[in-house]
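The entries follow in the order in which I made them.

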Amino acid sequence: MIAINAKKKSEPPSMMVQGIEGIDSEEEMSAIPPEATKVTKLPRPSFRQFPKIYIYISIFAILIVLLLGVIAFANNMKNNRPMIPTPTPAPLSPTPVASNSANINERVTKFKQDLGNLDFYDNRLDPPQVDLNIKL
Amino acid sequence: MKKFLVPALLFLIASKLSFPLFAEEFNAEKARNDYLYNLEVYQQSHQEYVRTKQAYYTYRTLVTKTEAINTAVDLLLKREEMVRTYLVMLRLSFLETPLSADINKQEWVSKCEILEAWLESRKPKIEAVSTIIDINKVSEEFEGRFAEVTALSRQMSGLVLAGEMGLMIEEGAKVKDDAISQLKTTWTGDKARYLESFIAQIDEKISLALDKKNKALTVISGQAIFDNEIKDTLSPTRSLLIDSQHYLKEMVLLLEEGISE
């Protein structure tokens with residue numbers, strides 16, 4: 001069986017023939033049995049014939065992407081951060097003296113509290129009580 | 001069945017690969033829980049050791065002797081594991097506490113890690129012990145080095161306190177600078193003449209606070225072990241830091257007065 005390349009489906013059969021090697025005339029052509037000149041199309045790859053390994057790799061890649069997305073989302077929720085960064089506020093205009101004074105007062109008060117909260121008797125890091133006489 | 005098997009396997013592999021992303025960090029808080037658990041385990045083991053030791057001294061039989069040896073070995077393991085977890089907790093707490101820049105954290109962390117590694121390396125040796133002589137020998141080895149643990153603990157605790165005080169002094173100096181800048185704009189006329197002496201008074205308080213904190217650091221670094229006896233440096237360190245805190249409080253009072261006038 002001879003395979004003949006087809007240009008377009010709409011073209012007449014005579015136009016579809018590009019030429020057969022060793023045949024120069026109509027007589028020679030007519031001598032060829034019709035089965036031999038039957039046009040056969042090359043099979044197009046179908047989805048079923050597509051190698052399965054590529055499908056599995058694609059699924060695997062999608063799953064990883066989804067998993068990473070879930071992890072990123074979970075981490076984001078855990079850290080309680082907004083997904084979209086909030087725009088930084090525009091710098092304020094120079095504060096008047098009165099509010100500046102209030103600000104300094106607040107800072108001094110806060111510092112005083114922090115200073116008072118320092119605990120020099122915190123025993124959380126004290127070494128454990130250990131029996132240093134384990135003998136028989 | 002085969003169609004689902006391969007994707008399922010791939011999904012499992014992907015989950016396994018992404019597992020480290022879920023793994024939580026081992027921090028000071030977790031180390032503390034670990035230490036407290038091991039402390040409880042050690043205390044239970046100690047009760048068992050006391051009971052079996054008493055039975056062995058009373059009856060002197062082969063059974064009681066074997067039981068006493070087994071519980072003593074178990075106690076040695078629990079004791080060293082508990083101390084090791086304590087050192088991990090100490091090291092992580094030290095690392096996580098914000099301290100002033102004059103404290104070289106890595107130097108102290110390394111000291112801690114050396115002791116941790118030593119304790120970890122002793123496990124097979126203790127597990128192999130089967131006689132009373134070996135128990136006593138292995139126990140003495142640990143007891144000889146426990147003074148190092150206590151000394152390191154006191155030093156690192158003192159450094160944590162001094163480091164926190166150092167940060168407080170730095171913050172106090174910043175608050176003072178901002179307050180003085182403001183006072184320069186509000187103290188006008190006759191009051192402006194007193195500003196210089198006011199600033200000098202405040203600077204003196206900060207300087208005294210800093211001096212006491214530095215003395216505390218000197219005491220901590222002078223910590224030494226003499227014949228397994230540890231000089232208690234934590235009490236003088238605390239006293240010096242309380243003095244330092246006192247000077248900073250005086251500075252705050254001065255600032256409050258200055259701002260209210």
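**Entry 1: chains**

I began with burial in chain B, where buried residues make up 31% of the 261 residues. I count a residue as buried if 20 or more other C-beta atoms lie within 10 Å of its own, as exposed if 12 or fewer do, and as partly exposed in between, with C-beta atoms placed from the backbone. For chain A, 4% of the 136 residues count as buried.

I note that this is a predicted model, in which local features need pLDDT of at least 70 and side-chain atom pairs count only at pLDDT 80 or more, while totals for chains, interfaces and linings use all residues. Residues are numbered from 1 along each chain as its sequence is written, and chains are lettered from A and ligands numbered from 1 in the order in which they are written.

I then listed the secondary structure, taking helices (H or I, at least four residues) and strands (E, at least two) as DSSP runs numbered from the N terminus. Chain A has 4 helices and 0 strands, in the pattern α-α-α-α along the sequence. Chain B has 8 helices and 2 strands. From the N terminus, the elements of chain B run α-α-α-α-α-α-α-β-β-α.

I used axes fitted as lines to C-alpha atoms, for helices over the stretch in contact, with angles from 0 to 180 degrees between N-to-C directions. Angles under 35 degrees count as roughly parallel, over 145 as roughly antiparallel, 65 to 115 as roughly perpendicular and the rest as oblique. I call a crossing left-handed if the near helix is turned anticlockwise from the far one by less than a right angle, and right-handed if clockwise.

How do α7(B) and α8(B) cross? Helix α7 (residues 192-221) of chain B and helix α8 (residues 234-260) of chain B have axes that come within 8 Å and cross at roughly 165°. That angle makes α7(B) roughly antiparallel to α8(B). The crossing of α7(B) past α8(B) is left-handed. I sorted the residues of the contact of α7(B) with α8(B) into 16 nonpolar, 4 polar and 6 charged. Here Ala, Val, Leu, Ile, Met, Phe, Trp, Tyr, Cys and Pro count as nonpolar, Asp, Glu, Lys and Arg as charged, and the others, Gly among them, as polar.

I next took α4(B) and α6(B), whose axes come within 11 Å and cross at roughly 155°. That makes α4(B) roughly antiparallel to α6(B), and their crossing is left-handed.

For α3(B) and α6(B) I found axes 11 Å apart and a packing angle of about 15°. These two helices, α3(B) and α6(B), are therefore roughly parallel to each other. α3(B) passes α6(B) in a left-handed crossing.

**Entry 2: nonpolar core**

I define a nonpolar core as a set of buried Ala, Val, Leu, Ile, Met, Phe, Trp, Tyr and Cys residues joined through C-beta atoms within 7 Å. The largest nonpolar core has 41 residues. Among those with the most contacts inside it are Val83(B), Tyr86(B), Met156(B) and Leu248(B). Elements giving two or more residues to this core are α4 (97-117) of chain A and, from chain B, α2 (28-59), α3 (62-96), α4 (105-121), α6 (132-186), α7 and α8. Which element gives the most to this core? That is α6(B), with 12 residues. The core also draws at least three residues from each of domain 1 (26-128) and domain 2 (154-261) of chain B, with bounds from an automatic or database domain assignment.

**Entry 3: single residues**

Is Asn38(B) buried or exposed? Asn38(B) is buried, with 21 other C-beta atoms within 10 Å. I placed Asn38(B) in helix α2 of chain B. Its C-alpha atom and that of Arg79(B) are separated by 8.5 Å, at 41 residues apart along the chain.

Gln54(B) also lies in helix α2 of chain B. It counts as exposed, with 12 C-beta neighbours inside 10 Å. From Gln54(B) to Thr64(B) I noted 9.2 Å, C-alpha to C-alpha, and 10 residues in sequence.

Arg60(B) is found in the loop between α2 and α3 of chain B. It is exposed, with 9 other C-beta atoms within 10 Å. Phi of Arg60(B) is near 55°, a positive value in a residue other than glycine.
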